[in-house]
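Please read it alongside the coordinates.

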Number of protein chains: 2
Amino acid sequence: MDKAKVGLIGTGIMGEPMARNLLRAGLAVWVHSRTKRKAERLLDEGAQWVDSPAKLAEAVETVITVVADSPDVEAVYVGAGGVCEGLGPGTLCIDMSTVAPETAQRVDEAVRKRKGRFLDAPVSGGKTGAEAGTLSIMVGGDEADVGRARAVFDVLGKSTVHCGPVGTGQLTKLCNQILCGLNLLGVCEAMVFGERAGLDLETMLAAVSKGAAGSWALENLGSRMIHRDFAPMFMVALQNKDLRITLDSARRLDVPLPGTALVSQLLTANQAAGEGREGTQAMLKVLERLAGTKHDSSLQK
Amino acid sequence: MDKAKVGLIGTGIMGEPMARNLLRAGLAVWVHSRTKRKAERLLDEGAQWVDSPAKLAEAVETVITVVADSPDVEAVYVGAGGVCEGLGPGTLCIDMSTVAPETAQRVDEAVRKRKGRFLDAPVSGGKTGAEAGTLSIMVGGDEADVGRARAVFDVLGKSTVHCGPVGTGQLTKLCNQILCGLNLLGVCEAMVFGERAGLDLETMLAAVSKGAAGSWALENLGSRMIHRDFAPMFMVALQNKDLRITLDSARRLDVPLPGTALVSQLLTANQAAGEGREGTQAMLKVLERLAGTKHDSSLQK
């Protein structure tokens, strides 16, 4: 029996380890990326290169896309040489990028016109989760298509939740990013306050992290902040891209999100300081700069 | 051998179950409260009533105070008929209220003048934690005094962390409240966004709560919000009192806390709407009101 044929477009920080996990699970994997160099390690490991999204779509039964932003997804699907040009009847397309819910709906329409099937399936878990195959996958689309994709999802993630029709995967991911952003802001404010108040920060973390103040962000980013380790688990620029999409969607829905807007502004300050490619925990540095360096506690304020 | 003699001042939501746990642990417990009625159940269960903080301090070796705010603590210790008037040499005073770090330092000075010992030991865990004896206790003071208090702390809490000198218990608690406040805001914004976007909220919670978006607040308050259960785990008015103390301390330290300030403003909106005695998860209602009721998604914005 033939191996199941899967194609993956976008072999970046997330896409590369995801394609690798598919290869290791014994699938036949075709890849395409804007810059071929980024796919070379995968080609050494047994992946097949194709020159365009259209040709990739011709070669496989399942197309996975993992690119950066909404315009990239639109270009990959409906641009010249895009996936839609090569789509056969019944081909399953799974977009695992984080993009606007409206983009998911537009691409779904285009794919359906070509008799293909579409799922939006953004992920949480970052590079570490992609490498370990432990991503959380939030899926929007038809039940039957989610069923067909299950084998692939089981290779890539530890949990897959079907959230509703096309677009709801993205909307759920945006809820996820609202939470991540505000939990992060909480950790940064607690750390800069504790630091300036002269607390031993490791002791403070130990005292608060197991109770009502606890979060994944505190557990995972707090001690990185203490050790001034700003290497990305998830990059400032990408988090802010996700929050831009969130705030755009929220504006369309007439939902003010004052906290999320603040988080986005602080991440923009990171980017202004050239910290866009650092981890989101670098937001601590923005708050430290706001708190200045010449503290005079003798002033009555 | 005599039973260890402990006095507790302030038999409110937190103090009453804490005194009860001390009684059940076999200690001799004296109580005082502004309104005697609030202590009556404890008297039925074996506690001794005393008419003033001063008389309570005369009767016991360890004084515990659990009152609402900084002025209450100052009145209980240094006011007329206060603890300091009845203090014998070596009596250990433990303030488990959440108050300004400066209050803790002032009371410590007053207690030392009377040759007593003082610890600030605010708690996290709310009414449930007080009842179950599973509070998290954050302690500031001298090591030897923390050692003397250990037996009492072990009855009241599941974890005690010694944070540093007097005042650091309170400062650590303020870090805790910064975190709780911003985690709460994250849950509220994710819920109102998901609600207005038409997501099934239980499914959304299931999809995001185990990953990088996870927090105690999401786990414990998310489903309460879905079920419109606004009964207090921790009251809006008390959380906002704690944030007022936090923002006052932060201002003295020259530390801007824009997120915490926003959380406090939203809780003030709760209080303006008569929701001060509801649980902090009622902040969802403020965001829902901001998002209005007449959403027109057909508008291009």
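Predicted model: local features only at pLDDT ≥ 70, side-chain atom pairs only at ≥ 80, totals over all residues.

1. Domain layout. Chain A falls into two parts, domain 1 (5-165) and domain 2 (171-291). Taken over C-alpha atoms, the centres of domain 1 of chain A and domain 2 of chain A lie 29 Å apart. Where they touch, domain 1 of chain A contributes 16 residues and domain 2 of chain A contributes 13 residues.

2. Area between the domains. About 1,100 Å² is buried between domain 1 of chain A and domain 2 of chain A, and carbon and sulfur atoms account for 60% of it. On the side of domain 1 of chain A, the residues that lose the most area to domain 2 of chain A are A:T98, A:P101 and A:M138, which together make up 38% of what that side buries.

3. Two salt bridges are counted between domain 1 of chain A and domain 2 of chain A. A:E102 and A:R252 form a salt bridge, with 3.3 Å between the closest N and O atoms.

4. Make-up of the domain 1 side. In chain A, α6 (101-113), β7 (123-124) and α7 (126-132) each give at least two residues to the side of domain 1 that touches domain 2. That side of domain 1 of chain A holds nine nonpolar, four polar and three charged residues.

5. Extent of the chain interface. Chain A puts 60 residues in contact with 62 residues of chain B. The two chains, A and B, bury about 5,400 Å² between them, 70% of it on carbon and sulfur atoms. A:L179, A:F193 and A:A212 supply 13% of the area that chain A buries against chain B, more than any other three residues.

6. Polar links between the chains. How many salt bridges cross the interface of chain A and chain B? The count is zero. Eight residue pairs are in polar contact between chain A and chain B, with both residues at pLDDT 80 or more.

7. Elements on the chain A side. Several elements of chain A each supply at least two residues of the side that touches chain B, among them β9 (157-164), α10 (201-208) and α12 (236-252). The element that gives the most to this side is α9(A), with 20 residues. By class, the side of chain A that touches chain B has 35 nonpolar, 18 polar and seven charged residues.

Conventions: Residues numbered from 1 in each chain as written. Chains lettered and ligands numbered in written order. Heavy atoms only, no water. Domains from an automatic or database assignment. Contact = heavy atoms within 4.5 Å. Buried area = accessible area lost by both parts, 1.4 Å probe. Salt bridge = Lys/Arg side-chain N within 4 Å of Asp/Glu carboxyl O. Helix = DSSP H or I, 4+ residues; strand = E, 2+ residues; numbered from the N terminus. Nonpolar A, V, L, I, M, F, W, Y, C, P; charged D, E, K, R; others polar. Polar contact = N/O pair within 3.5 Å; in protein donor to acceptor, adjacent residues only side chain to side chain.
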